[in-house]
Amino acid sequence: MNTAIRNPPQRLVVGISGASGVTYGVRVLDALRELGVESHLVVTRAALLTLSQETDLTPDDLTGRADVVHKLADVGATIASGSFRTLGMIIAPCSVRTMSEIATGVTSNLLTRAADVVLKERRPLVLMVRETPFHLGHLRTMTALTEMGAIIAPPLPAFYARPKSIEDIVDQSVGRALDLFGLDWSAVRRWDGLKGAPEA
């Protein structure tokens, strides 16, 4: 009798690195809480600095949104092993440094180690890369990561959704990123065809 578990546990690894846009990671955690998906959070020191500059949240406010919080230096954490089953990992936002470290496979902390594990286990790794403009080295790194199985998903506004606030823009990007894990967040506005389009 085959007793294999065919459906992975409803848990997602969330990494927040030091790029601008820490609010994306905050809203990922909020969305997972709403969806009933267990979140495993790992945050870089630079991300905490960005948190203090871009929001009024404290580190405790951030970590309080996660179900499980892992220390950056804890390379013995559950998420450092492929035997710990997850839906995958999202890094929101993802700095160029973090992206580049993952691409080399030479990981220096739990965030990049967890991402490496997700890649080797052939699970979805979504990188919400926050940088512009890109130089050729950035583009080549993104190509290499895509060839390795990662998904590069910069948070770009969807104006068809008629956002009325920055929060609307952030939530749309977060929701579309979560779509890549098969998670349907109610904050996403779905395209349902043209309305009142002029005749050709």
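Biologist: What is the basis, then?

Modeller: This is a predicted model, in which local features need pLDDT of at least 70 and side-chain atom pairs count only at pLDDT 80 or more, while totals for chains, interfaces and linings use all residues. Residues are numbered from 1 along each chain as its sequence is written, and side-chain values use heavy atoms, with hydrogens and water left out.

Biologist: How many residues does helix H1 have, and how far does it reach?

Modeller: Helix H1 (residues 22-35) has 14 residues and reaches 20 Å from its first C-alpha to its last. That is close to the 20 Å expected at 1.5 Å a residue, where the expected span is 1.5 Å times one less than the number of residues. Helices here are DSSP runs (H or I, at least four residues), as are strands (E, at least two), numbered from the N terminus.

Biologist: Which residues of H1 are buried?

Modeller: They are Val22, Tyr24, Gly25, Val26, Val28, Leu29, Asp30, Ala31 and Leu32. Buried means under 20% relative accessible area, exposed over 50% and partly exposed in between, with a 1.4 Å probe and protein chains only.

Biologist: And what follows H1?

Modeller: Glycine 36 does, with a positive phi near 75°.

Biologist: How do H1 and H7 cross?

Modeller: Their axes come within 9 Å and cross at roughly 60°. Axes are lines fitted to C-alpha atoms, for helices over the stretch in contact, and angles run from 0 to 180 degrees between N-to-C directions. H1 and H7 are therefore oblique to each other; angles under 35 degrees count as roughly parallel, over 145 as roughly antiparallel, 65 to 115 as roughly perpendicular and the rest as oblique.

Biologist: Which residues of H1 meet H7?

Modeller: Thr23, Tyr24, Arg27, Val28, Ala31, Leu32 and Leu35 in H1 meet Val170, Asp171, Ser173, Val174 and Leu178 in H7. Contact means heavy atoms within 4.5 Å.

Biologist: Changing topic, how do H4 and H6 pack?

Modeller: H4 and helix H6 (residues 136-148) pack at an angle of about 50°, their axes being 9 Å apart. The H4 side of the contact consists of Val96, Met99, Ser100, Ile102 and Ala103, which meet His138, Thr141, Met142, Leu145 and Met148 in H6.

Biologist: How many aromatic pairs are there?

Modeller: The structure holds one. The rings of tyrosine 160 and tryptophan 191 have centres 5.5 Å apart and planes at 85°, so the pair is edge-to-face. Rings of Phe, Tyr and Trp (its six-membered ring) pair if their centres lie within 6.5 Å; planes under 30 degrees apart count as stacked, over 60 as edge-to-face and the rest as tilted.

Biologist: Are those two residues buried or exposed?

Modeller: Tyrosine 160 is partly exposed at 39% relative accessibility, whereas tryptophan 191 is exposed, with a relative accessible area of 51%.

Biologist: What does glutamine 172 touch?

Modeller: Leaving out residues up to four places away in sequence, glutamine 172 touches Ala158, Tyr160, Ala161, Ala187, Val188 and Arg189. Glutamine 172 is found in helix H7 and is buried at 4% relative accessible area.

Biologist: And where is serine 95?

Modeller: Serine 95 lies in the loop between strand E4 (89-94) and H4. Serine 95 is buried, with a relative accessible area of 13%, and touches Ser17, Gly18 and Ala19, not counting residues up to four places away in sequence.
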